[in-house]
Amino acid sequence: MAELLQVQAAVEAVYRQESRRILATLIRLLGDFDLAEEAMHEAFFIAVERWQRDGIPASPRAWLVSTGRFKAIDGLRRRARFERSPEHLALALEALESAEVNDEELQDDRLRLIFTCCHPALSADAQVPLTLREVCDLTTEEIARAFLQSPATIAQRIVRAKAKIRDARIPYQVPSLAELPERLDSVLRVIYLVFNEGYSASSGDSLVRDDLSAEAIRLGRLLQQLLPDPEVLGLLALMLLQGSRQRARSSEQGDLVLLDEQDRSLWDQAMITEGCELVQQALRSQRFGVYSLQAAIAAVHAEAQTAQQTDWDEIVGLYDVLLRGWPSPVVELNRAAALAQRDGAQVGLAAVEAILARGQLLDYYLAHSARAELCRQLGRHEQAREAYRTALGLTRQAPEQRFIERRLDELG
Amino acid sequence: MKYLCLVYCDEGLLHSQPDSPADAECMAYAESVQGGGRMLAAEALQPVQTATTVRVRGGQVSLTDGPFAETKEQLAGFYLVEARDLNEAVSIAKGIPAARVGSVEVRPVRDLQP
């Protein structure tokens, strides 16, 4: 008979490492998120007692899946006697009893779970918390803190999403090859949203927010393992390269430090090395997209020892490729900033003003602060002040506001 | 001549008013129309929370969670289809030619409880 404490520690370790896989498999077997969660928790509960008596099984994961499944079958049988419409329960029972559980399926289950949580028929408002809850095992309270929402709001979105998955019958499957690019886009967008929510550090508890970026990178790694598509590598590279600058991006007072003023010795070299390798791999595939290209741009920055040594020609070229395939005014703005570095403030300013003159990005504070910065460099102080004031009115993020106020002070 | 009778109501009130219809009553009425040989098809729908709106613009398919909400669009037709799951239903919906200029709301049918 094993020691209670030892068994409890073992159960906790299995929970930490395997609970998401077990949950994913039970969701497939039971076809219902809530039933699966209930069954999994029951299985872990039973494990503490059973493993004490019989010893820890050779494959704890398989034991827990099969125990959870039998518990669910019991539960469904009990409910079938009380409910007026037991057909869907009967169907679930039938599927459950005949289901095979093998290791290959288990890997696929995690991928199925990701694709289901990020299904395009769910709103982004629901995809993000659902993914964080079901795939990453963050609590509703943690998600609420990170997104500055009440736990009740987040809980309601998750409940609604699960109800839609069940009632509209969103299938629990990895999409076919034909649908994959479109569906993968939606998964990558959710992961990048999670990363940016953590990375932008605009407001809220910064500790929780760092966790969110780390969680997004973990999700990216999981996806890389399960589905090593070039764009998956590209997104992971982009997050690693942006994340590598995390410590240099703000001063001790929490103020924003721009790329060219950052202390590059604070950049995380391990993340840069890994990010650059992934970019190479993604670009070699010849099937890369927006994430890989953005990562390639981040890699050029990462490889420059100083801001002055940045290869701006290469960066402008990468923006050109990006714009040809995926035109957007924000990308055009970034290209204008790179142009200013390569060909001078005058050329950059003309490019920024061309975007604004078309009526685009008028509400985007970065467009006005870029214009202000270039006017300042060209000695047009009155125009610079005016543009900084416009930018200030458009951002609600405290570090950015302080940054612009500092610039305005410097202009006198 | 065929006619389509569309049932509108405030979902929040559908099942909660003294005059709200019970499923059994709905089924009985449907059967009476059926018995008169005039029924072509009738179904109750799941609530709007289960809806997905499908649009095709410039060859790109877009899905939105929720019902279509453009008051300037009017109902132009309907398809009642049998599909394995929402993905299959959406793949049929996106092929409806009018999806290129309008919206197709995809909503699961609800089984009435006798």
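Modeller: B:Glu11 counts as partly exposed because its relative accessible area is 32%. Buried means under 20% relative accessible area, exposed means over 50%, and partly exposed is in between (1.4 Å probe, protein chains only). This is a predicted model, in which local features need pLDDT of at least 70, side-chain atom pairs count only at pLDDT 80 or more, and totals for chains, interfaces and linings use all residues. Residues are numbered from 1 along each chain as its sequence is written, chains are lettered from A and ligands numbered from 1 in the order in which they are written, and side-chain values use heavy atoms, with hydrogens and water left out.

The partner of B:Glu11 is B:Arg107: the two form a salt bridge whose closest N and O atoms are 3.9 Å apart. The pair links distant parts of the chain, 96 residues apart, with B:Glu11 in helix α1 (residues 11–14) of chain B and B:Arg107 in the loop between β4 (104–106) and β5 (109–110). A salt bridge here is a side-chain nitrogen of Lys or Arg within 4 Å of a carboxyl oxygen of Asp or Glu. Helices (H or I, at least four residues) and strands (E, at least two) are DSSP runs, numbered from the N terminus. B:Arg107 is also partly exposed, because its relative accessible area is 23%.

Next, the chain around this pair. Chain B has three helices and five strands, in the order α-α-β-β-β-α-β-β along the sequence. Its C-alpha atoms fill a box of roughly 45 × 30 × 30 Å along the principal axes. Of the 114 residues in chain B, 20% are buried. Among contacts between residues at least 6 apart in sequence, 65% join residues at least 24 apart; contact means heavy atoms within 4.5 Å.

Chain B exposes about 8,300 Å², and carbon and sulfur atoms supply 56% of that area. Such areas come from the Shrake-Rupley method with a 1.4 Å probe, and for residues only the protein chains shown count as cover. One nonpolar surface patch, of about 810 Å², includes B:Leu45, B:Tyr8 and B:Val109 among its members. Patches are made of residues with over 30% relative accessible area and no salt bridge, with like charges joined within 9 Å and nonpolar side chains (Val, Leu, Ile, Met, Phe, Trp, Tyr) within 5 Å. B:Leu45 lies in strand β1 (residues 44–45) of chain B and is partly exposed, because its relative accessibility is 42%.

For comparison, here are other pairs. The count over all chains comes to 31 salt bridges. One of them joins A:Arg342 and A:Asp313, with the closest N and O atoms 2.7 Å apart. A:Arg342 lies in helix α15 (residues 329–343) and A:Asp313 in helix α14 (residues 312–325) of chain A, so the pair ties together parts 29 residues apart in sequence. A:Asp320 and A:Arg335 also meet in a salt bridge, at 2.5 Å from N to O. Here A:Asp320 is in helix α14 and A:Arg335 in helix α15 of chain A, 15 residues apart. A:Asp320 is partly exposed, because its relative accessible area is 25%, and A:Arg335 is partly exposed with 21%.
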